[in-house]
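Take a walk through this structure with the sequence at hand. We begin with strands and end with rings.

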Amino acid sequence: MRKASLCCFTGRVSRSRTNQKHKNPPQPQRSEEKMENPSTKTENGSAETVEQKMINSSSIPAANIIMNHDFSNGLQSWHPNCCHGFIVSAEPGFPDAMPMKSGGNYAGITNRTDCWQGLEQDITTRISPGSTYSVSAWVGVSGPLHGSADVLATLKLENHGSTNYQLIGKTSVSKQKWEKLEGTFSLSTMPERVVFYLEGPSPGVNLFIDSVVITCSNLGKSESTSTACVATGDENIIQNPNFEDGLNNWSGRGCKIVLHDSMADGKIVPQTGKVFAAATERTQSWNGIQQEITGRVQRKVAYDVTALVRIFGNNVTNATVQATLWVQTPDGREQYIVIANVQATDKVWVQLKGKFLLNGFTSKVVIYLEGPPPGVDILVNSLVVKHAEKTPPSPPPCIENPAYGVNVIANSQLTDGTNGWFPLGNCNLSVATGSPHILPPMAIESLGDHEPLSGHYILVTNRTQTWMGPAQIITDKLKLFLTYQVSAWVRIGSGANGPQNLNVALSVDNQWVNGGQVEINDDRWHEIGGSFRIEKQPARVMVYVQGPAPGVDLMLAGLQIFPVDRETRFKHLRRLTDKIRKRDVILKFSGVDSCSLFGTFVRVRQTQNAFPIGSCINRTNLDNEDFVDFFVRHFNWAVFGNELKWYWTEPQQGKFNYKDADDMLDFCQKNKIEARGHCIFWEVESTVQQWVRSLNRNDLMKAVQNRLTGLLTRYKGKFRHYDVNNEMLHGSFYQDRLGKDIRAYMFKNAHQLDPSAILFVNDYHVEDGSDTRSSPEKYIQQILDLQEKGAPVGGIGIQGHIDSPVGPIVCSALDKLGILGLPIWFTELDVSSNNEYIRGDDLEVILREAFAHPAVEGIMLWGFWELFMSRDNAYLVNAEGDINEAGKRLLALKQEWLTHCHGYIDEQEQFQFRGFHGTYELEVISVSKRVLKTFVVDDKDESPMVLSIDL
């Protein structure tokens with residue numbers, strides 16, 4: 001009992017001691033943790049940081065386990081507990097605040113209606129039982145307070161549905177004065193969850209917090225005690241990993257396992273050690289070898305997985321071997337998490353490598369190897385699962401003399417005949433005249449004023465293969481990490497039978513790289529544009545133009561390959577952004593004696609930009625407090641990675657799973673986050689579940705109608721958007737089986753069922769010039785065809801899975817689509833690069849182009865957290881919550897797109913500024929009082945917005 005603070009004792013009693021968990025039924029299908037994105041067609045603001053979450057055993061002095069302890073990154077990793085939190089900084093013009101303690105930021109907690117409300121942080125993964133931890137924090141108070149108030153440091157311990165509280169320490173604090181709170185704690189056993197928080201003052205009293213430190217106080221006293229404070233990242237959590245103890249700790253998953261020292265008459269022997277294991281008599285692809293790792297694997301900790309595997313038997317020479325986690329949660333839900341896979345052979349041992357992280361609490365965890373067809377043995381020589389080492393951040397690339405805008409193609413104007421060029425294959429090159437004298441439009445946008453083209457072009461004849469065309473070697477002319485734009489005029493000769501694809505291609509050490517594509521079906525000159533980047537030093541790079549059918553002549557004029565100057569483009573985009581995303585605002589004050597208004601201090605602070613920026617999430621992400629904290633803090637829209645797709649909600653006919661989508665929608669509603677519905681149908685056949693593919697025409701039509709009725713009736717009015725039939729430019733499953741009118745029918749029926757939802761088309765490679773199937777022109781025609789049939793298409797989705805983006809190419813696509821007058825959204829944006837700085841550059845290109853274009857009304861990222869994205873090297877936050885350079889770029893842009901200003905009311909009782917559209921807080925401070933107001937700057941027109949402020 002806390003007799004020193006009756007208020008706190010009363011507040012504690014008012015809270016339930018038992019946390020009732022939601023009971024989720026077992027899922028009827030695998031809930032893969034990686035968000036699926038077959039559409040990429042590849043296997044393959046302030047700057048924030050999050051402090052290291054695992055304590056290094058050799059660090060002296062002891063590491064602080066509190067993340068963002070000094071609030072230099074805002075409230076990142078902190079959670080206001082049923083109250084309002086904000087950050088106070090040292091910026092000028094911030095009156096009525098506590099004196100700065102550390103010289104940096106500190107946190108303020110207001111709107112406290114109970115004494116236990118304060119600021120908390122989950123520290124579960126950063127402490128160990130048996131260790132002693134020292135705690136210190138600087139705290140202060142303000143508000144309706146007479147005398148002093150007690151501030152307490154507390155632990156909340158959650159275990160098996162019950163909650164207990166442990167007092168760490170307390171201190172008495174007077175108004176406008178900082179005091180140091182200190183204490184210690186130790187846990188004999190490890191609960192499921194440990195939350196540290198600061199609480200205590202009476203309701204209505206504001207709490208201020210600065211510089212929170214928790215360290216392992218017995219670090220360094222002895223080797224045995226200090227190691228108790230740290231997680232040993234080099235320990236393999238797999239028991240008997242090399243089978244030196246036979247098959248102990250291992251079992252078969254639906255099959256038998258046996259131990260061998262050799263097989264196949266001595267042709268198969270272990271690569272390491274003396275023995276290996278085999279999963280044999282497999283009758284299902286999921287059969288394999290497994291080990292339970294419950295209790296040895298922690299949530300919110302990343303693990304590297306490495307295994308030596310091969311296959312044997314049934315005359316199969318190669319097959320996929322996959323490492324998978326089976327997870328059971330305390331509420332009974334099951335999850336299957338794909339860790340990694342490798343193409344194994346019957347000839348040699350191969351290494352399988354992957355990484356995983358568990359978001360939520362678990363009651364049972366099993367790792368197993370599966371995959372090959374039935375009858376094929378899985379051989380395992382070793383399996384290692386260790387805490388993943390932190391990947392050091394990539395350095396910013398150093399590019400000397402980038403020569404922006406300089407063409408790397410020799411004799412591009414063909415003033416010296418075909419010198420510098422050679423025919424790829426047995427075709428003939430000659431020079432002719434009559435091509436355009438102007439640069440293609442996308443090149444003009446990048447290069448600006450430029451000398452006219454010569455009007456000469458290369459004529460390629462006697463082509464007997466599609467890949468034959470003009471070529472150059474450009475190896476020594478390219479620089480690593482520069483983004484190159486590709487531009488040319490192309491044309492085809494007579495004799496073509498149907499549309500012809502033309503492609504500017506690069507052979508980079510014999511690997512094909514796409515430099516741009518265009519489809520031609522006439523005898524006019526066409527612009528071809530694209531981009532590429534090389535991040536690893538090649539031995540040989542050849543550029544060539546290919547594509548028309550054999551026998552069709554090819555013509556090429558003015559080929560340009562040049563590095564783009566992104567910073568110059570950004571300056572242009574900032575000017576456009578200021579024009580279309582901001583508005584002049586006049587605040588007119590009234591309600592007090594006008595004599596007292598002149599010279600009154602005014603502070604305007606934008607709390608949220610009106611432009612939607614959201615992200616993809618999946619159900620298990622919601623079990624990770626760090627993920628949720630970042631998501632809620634930085635995004636205002638959500639889209640579900642898999643959980644609304646038909647194969648997820650009805651994996652078997654008549655067996656429905658809406659629980660995941662319900663949970664996620666409930667999360668969004670509680671956090672005032674808008675949601676996009678992705679997707680009602682998916683036109684690509686490989687994404688359609690087997691039972692749907694097996695239906696006859698009549699039954700398929702009934703199933704389609706049931707899907708529409710079931711989904712849109714259940715969620716009527718809850719999703720702002722729906723992607724009705726995903727990727728119709730790349731698939732035709734429903735159209736092939738149900739006729740050309742089925743697509744329009746889906747739109748019309750969806751609108752009837754939920755008139756409030758905006759219905760989108762959604763497709764990929766629309767914006768980058770790399771895919772002739774989804775050019776802006778074809779997308780426009782598809783939309784017009786749908787509208788002609790009465791489909792209420794309300795929005796255009798550009799997925800945005802893009803590599804090496806070039807602003808003018810993206811902008812050109814947006815301009816073309818913009819003529820339809822429909823809102824454009826980037827719906828699945830991700831960029832990929834091994835280098836975090838380059839990844840950040842790519843992301844900034846798309847974000848700025850979108851934000852500066854009047855037709856774009858929102859951006860959705862296709863995830864941001866490592867291990868929960870469909871593309872490699874695309875994440876902005878690593879698995880354990882550290883924000884990388886690309887993530888910092890996003891946050892910096894979001895800060896740039898907020899307006900903050902302060903000044904004084906003028907003689908006309910007005911305060912004027914120009915600001916981004918969105919929500920603002922207004923603070924008016926006079927000698928006698930302080931007034932707080934909120935207002936919204938809308939984008940309804942371009943005239944100055946006049947707001948009357950009654951004080």
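This is a predicted model: local features need pLDDT of at least 70, side-chain atom pairs count only at pLDDT 80 or more; totals for chains, interfaces and linings use all residues.

Residues are numbered from 1 along each chain as its sequence is written, and side-chain values use heavy atoms, without hydrogens and water.

Start with an open sheet of five strands, in the order β2-β3-β10-β5-β8, paired antiparallel. Strands are DSSP runs (E, at least two residues), as are helices (H or I, at least four), numbered from the N terminus. Two strands pair if DSSP finds at least two bridges between them. β2 (84–88) and β8 (179–186) stand at the edges with a single partner strand each, so one side of each has no neighbour in the sheet. Five bridges join β2 to β3 (residues 106–110).

Now the rings. The whole structure holds 36 aromatic pairs. Rings of Phe, Tyr and Trp (its six-membered ring) pair if their centres lie within 6.5 Å; planes under 30 degrees apart are stacked, over 60 edge-to-face, the rest tilted. Phe-851 and Phe-916 form a tilted pair, 6.0 Å centre to centre with 40 degrees between the planes. Phe-851 lies in helix α14 (residues 836–851) and Phe-916 in strand β43 (residues 910–916), so the pair ties together parts 65 residues apart in sequence. Phe-851 is buried, at 0% relative accessible area. Phe-916 is buried at 4%. Buried means under 20% relative accessible area, exposed over 50%, partly exposed in between (1.4 Å probe, protein chains only).

Last, a charge. Arg-299 lies over the face of Phe-361, 4.1 Å from the ring centre. The cut-offs are NZ of Lys or CZ of Arg within 6 Å of the ring centre and within 35 degrees of the ring normal.
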